[in-house]
Amino acid sequence: MSRLKFTDRSVQSRPSPPTGQRDDFDSTLPGFGLRVTMNGVKTFVVLYRVDGRLRRLTLGRYPRLSLADARGLARKALASAVRGEDPAAEKTARREAATFGEVAKEYIERHAKQHDRSWREKERMLDKDVLPAWRSMRAQDIAARDVRDLVDGIRDGIGDRRGAPIVANRTFGLIRRVFNWAAAPDRAMVPQHHNPCRGMDRPAPESQRERVLDAAEIRQVWQALDAEDVYSATIFRLLLLTAQRGGEVRTMRWDELDLSAGWWTITAERAKNGRAHRVPLVPDAVALIEALPRFEDSPGVFPSVRAAAGCRETISKAVARVREKSGVAFWPHDLRRTVATQLGSLGVARLTISKLLNHTERGVTSIYERHTYDPEKRGALNLWATRLQAIVAGESVPAKVVALRA
């Protein structure tokens, strides 16, 4: 160990020891050193004490790290040590910090699967839009700029992908939830209160949609489905024939169906409001389902294109194709709203429509009123199926019929 004044010339000219390694220290900044190995590798280091223990922090290799930059880092490290901090331990902690990929996996396994019925959609969003960019990044290093670049890219379109403002908003909300969960004191996968989404606005304005397809648009969409594969076409047509949520239709299971009686029972675990829901299946719906190929190893009516044992994760590509071919700008949820609107125009009572849509009821009445409304729901969908047949056939349809029983 020797002391000398570090200059660019003295550092550059320091010879290698014949064996092992040698440490030289700067005479002007105590604790700032240069380690030289027998192979000529030169590394800047800092020696300091914390709680009486001698600690060593590696700053970086010369000449990749210049003398001037190394001296600045050394001063900061020594100042931290004076404050009782341990920069070497902090560096180790950073090196071992969880990546966003690890945090996301823990979030899905330990939280989403336990508390979120739509966890598969959350997992798909992370896999598709977030993990390709952040999988190997330390979660604690992700900053607001990274979030903004990611969600703005989804909003505006990445490469040849179409812009998706609502997806950008949902992705932003999911990222915020993941960081809030990871920063909780009992998990501490990121520093407490670290959430790069804090203080940021959603990437796109959002208002309640009111899009309802008219008869001509319904016919155009229905006809465009003839060009789709049988599974995608059936999903869209069941959306129109059942008025159920897209995610519930996509994940329909064979064991939920009683085709001979014409019933589909969505379990409480899969229903959005946590209550089991019986959906009448009109003859046209039953015929569509019976015509589908069935795989013995798939419990899902619409098996995943990647794994037969799973269910169809998304129909976003099919939506884009049908929108283009039909010339109708719509989203799957617009079909549910369209059916509800059509039922109202047919005179179906609002309470019956609400029961069919499985909307959550509020108030004391909902606690005691347990009528299933099965007959009313079936009557409503049968009435709508007749009108839908006329619409698809291009026939004129009456504006309104006599109201069904509430």
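What follows is a set of questions and answers on this predicted model.

Q: Why does N169 count as buried?
A: Buried means under 20% relative accessible area. N169 has 4% relative accessibility, so N169 counts as buried. N169 lies in helix α7, residues 165-182.

Q: What makes the pair of N169 and A204 a polar contact?
A: The cut-off for a pair of N or O atoms is 3.5 Å. A polar atom of the N169 side chain lies 2.9 Å from the backbone oxygen of A204, and a pair at 2.9 Å is within that cut-off.

Q: Why is E256 called buried?
A: The relative accessible area of E256 is 6%, and the limit for buried is under 20%; E256 is therefore buried. E256 is placed in the loop between α10 (246-250) and β6 (257-258).

Q: Which residues are in contact with E256, leaving aside its neighbours within four places in sequence?
A: They are W263, W264, T265, T267 and R270. Contact here means heavy atoms within 4.5 Å.

Q: How do you know on which side of α8 its buried residues lie?
A: The buried residues of α8 (residues 215-224) are E217, I218, V221, W222 and A224. They cover an arc of only 165 degrees around the axis, which puts them on the same side of α8. Their cover includes α9 (230-242), α12 (316-326), α13 (332-345) and α16 (374-392).

Q: What does a side-chain oxygen of D214 reach at the start of α8?
A: This oxygen reaches to within 3.2 Å of the backbone nitrogen of A216. The limit for a polar contact is 3.5 Å.

Q: Why are α8 and α16 described by the word for their angle that they are given?
A: Their axes cross at roughly 80 degrees and come within 9 Å. Angles of 65 to 115 degrees count as roughly perpendicular, so α8 and α16 are roughly perpendicular to each other. On the α8 side the contact is made by A215, I218, R219, W222 and Q223; on the α16 side, by W384, L388, I391 and V392. By class, this contact has seven nonpolar residues, one polar and one charged.

Q: Where is D116, and how far is D116 from K272 in sequence and in space?
A: D116 lies in the loop between α4 (100-115) and α5 (119-134). D116 and K272 are 156 residues apart in sequence and 9.6 Å apart in space, C-alpha to C-alpha. Leaving aside neighbours within four places in sequence, D116 is in contact with H111 and K122.

Terms used:
Residues are numbered from 1 along each chain as its sequence is written. This is a predicted model: local features need pLDDT of at least 70, side-chain atom pairs count only at pLDDT 80 or more; totals for chains, interfaces and linings use all residues. Side-chain values use heavy atoms; hydrogens and water are left out. Buried means under 20% relative accessible area, exposed over 50%, partly exposed in between (1.4 Å probe, protein chains only). Helices (H or I, at least four residues) and strands (E, at least two) are DSSP runs, numbered from the N terminus. The arc is that of the directions from the helix axis to the C-beta atoms. A polar contact is a pair of N or O atoms within 3.5 Å; within protein, one must be able to donate a hydrogen and the other to accept it, and residues adjacent in sequence count only if both atoms are side-chain atoms. Axes are lines fitted to C-alpha atoms, for helices over the stretch in contact, and angles run from 0 to 180 degrees between N-to-C directions. Angles under 35 degrees count as roughly parallel, over 145 as roughly antiparallel, 65 to 115 as roughly perpendicular and the rest as oblique. Ala, Val, Leu, Ile, Met, Phe, Trp, Tyr, Cys and Pro count as nonpolar, Asp, Glu, Lys and Arg as charged, and the others, Gly among them, as polar.
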